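I am opening my notebook to look up a few things in this structure. Come along and check each entry against the picture.

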Amino acid sequence: LFSAQDIGIATAIIPTTTIIATASLFGLDNSIIRFLKEKKNDIEFIRSIFFFVIVLSTTSSIIFGFVSYLFSPTISDFFLSKSNYLIFILLAVTTTLNQLCDAIYLANRRTIYSLVITTFHSLLRAILPFLFISFGAGGILLAAAVAQFIGLIINFVVLQKIWHYFAHLTISLSSLSGIWKFTADNYVASLFSLLPYSIVPIII
């Protein structure tokens with residue numbers, strides 16, 4: 001099984017994906033819940049938010065890997081492996097996008113999809129680590145990333161089949177007008193409420 005050191009490293013790193021998700025969502029998940037039904041072109045609204053969040057989450061996870069030495073030398077060593085780095089980025093981005101999908105289900109009053117898909121990939125997350133024991137701490141993150149990725153694919157299929165959000169790749173930043181003050185207020189509140197729980201495990 002995994003060593004105590006592997007578990008410790010993974011336990012320290014995984015919470016950072018939560019704070020990266022919160023930072024990358026930028027409060028836009030709450031804005032979806034608040035404004036989706038008011039938008040005339042809800043499809044462009046959703047696609048534009050997805051594009052914005054993908055860019056933010058990818059950038060944030062890359063930056064975290066570069067500055068991880070500021071928090072812990074052990075975590076910094078983890079990111080010396082390119083495969084570990086890529087796994088972390090995949091986990092951070094898929095975690096962020098799955099949270100965004102949950103907000104869409106809530107806005108559309110279809111939370112049953114969120115419950116079923118989240119339960120499914122949570123079960124995968126508990127089972128898959130046994131397949132990646134030889135990868136050490138990276139294996140724990142890989143299991144979580146694969147589970148989140150499978151959940152994301154299912155989310156995309158459901159969102160496309162019911163609401164056709166991804167039939168085209170066009171985006172429109174103008175579709176995001178009128179939401180930024182509400183978004184910023186929720187973003188600051190969410191970030192500060194989550195910060196202590198995500199930073200403490202890294203420092204310890």
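Entry 1: I began with F156, which counts as partly exposed because its relative accessibility is 26%. My terms here: buried means under 20% relative accessible area, exposed means over 50%, and partly exposed lies in between, with a 1.4 Å probe and protein chains only. F166 is partly exposed too, with a relative accessible area of 25%.

A note on the source: this is a predicted model, where local features need pLDDT of at least 70, side-chain atom pairs count only at pLDDT 80 or more, and totals for chains, interfaces and linings use all residues. Residues are numbered from 1 along each chain as its sequence is written, and side-chain values use heavy atoms, with hydrogens and water left out.

Next I looked up ring pairs, and the structure holds 19 aromatic pairs. Rings of Phe, Tyr and Trp (its six-membered ring) pair if their centres lie within 6.5 Å; planes under 30 degrees apart are stacked, over 60 edge-to-face, and the rest tilted. F156 and F166 form a tilted pair, 4.9 Å centre to centre with 55° between the planes. F156 sits in helix α7 and F166 in the loop between α7 and α8 (180–203), so their pair ties together parts ten residues apart in sequence. Helices are DSSP runs (H or I, at least four residues), numbered from the N terminus.

Which residues do ring pairs link into a cluster? I found F50, Y105, Y113, F156, W163, Y165 and F166.

**Entry 2: another ring pair.** F79 and Y85 have ring centres 5.4 Å apart and planes at 70°, so I noted this pair as edge-to-face. Are F79 and Y85 buried or exposed? Both are buried.

**Entry 3: N108.** I found N108 in the loop between α5 (82–107) and α6 (111–127). N108 counts as buried because its relative accessibility is 11%. Its side chain joins that of Y165 in a polar contact of 3.2 Å. A polar contact is a pair of N or O atoms within 3.5 Å; within protein, one must be able to donate a hydrogen and the other to accept it, and residues adjacent in sequence count only if both atoms are side-chain atoms. Not counting residues up to four places away in sequence, N108 touches L36, K37, W163 and Y165; contact means heavy atoms within 4.5 Å.

**Entry 4: salt bridges.** How many salt bridges does a search of the whole structure find? It finds two. A salt bridge is a side-chain nitrogen of Lys or Arg within 4 Å of a carboxyl oxygen of Asp or Glu.

R34 bridges to E38, with the closest N and O atoms 2.6 Å apart. R34 is partly exposed because its relative accessibility is 39%, while E38 at 52% counts as exposed. I also saw that R34 lies over the face of F35, 4.7 Å from the ring centre. For that, NZ of Lys or CZ of Arg must be within 6 Å of the ring centre and within 35 degrees of the ring normal.

K181 and D185 meet in a salt bridge at 3.2 Å, N to O. Both lie in helix α8, four residues apart, about one turn of the helix.

**Entry 5: L152.** L152 lies in helix α7 (residues 137–163) and is buried, because its relative accessibility is 6%. Leaving aside neighbours within four places in sequence, L152 contacts T94, L97, N98 and C101.

Terms used:
Helix = DSSP H or I, 4+ residues; strand = E, 2+ residues; numbered from the N terminus.
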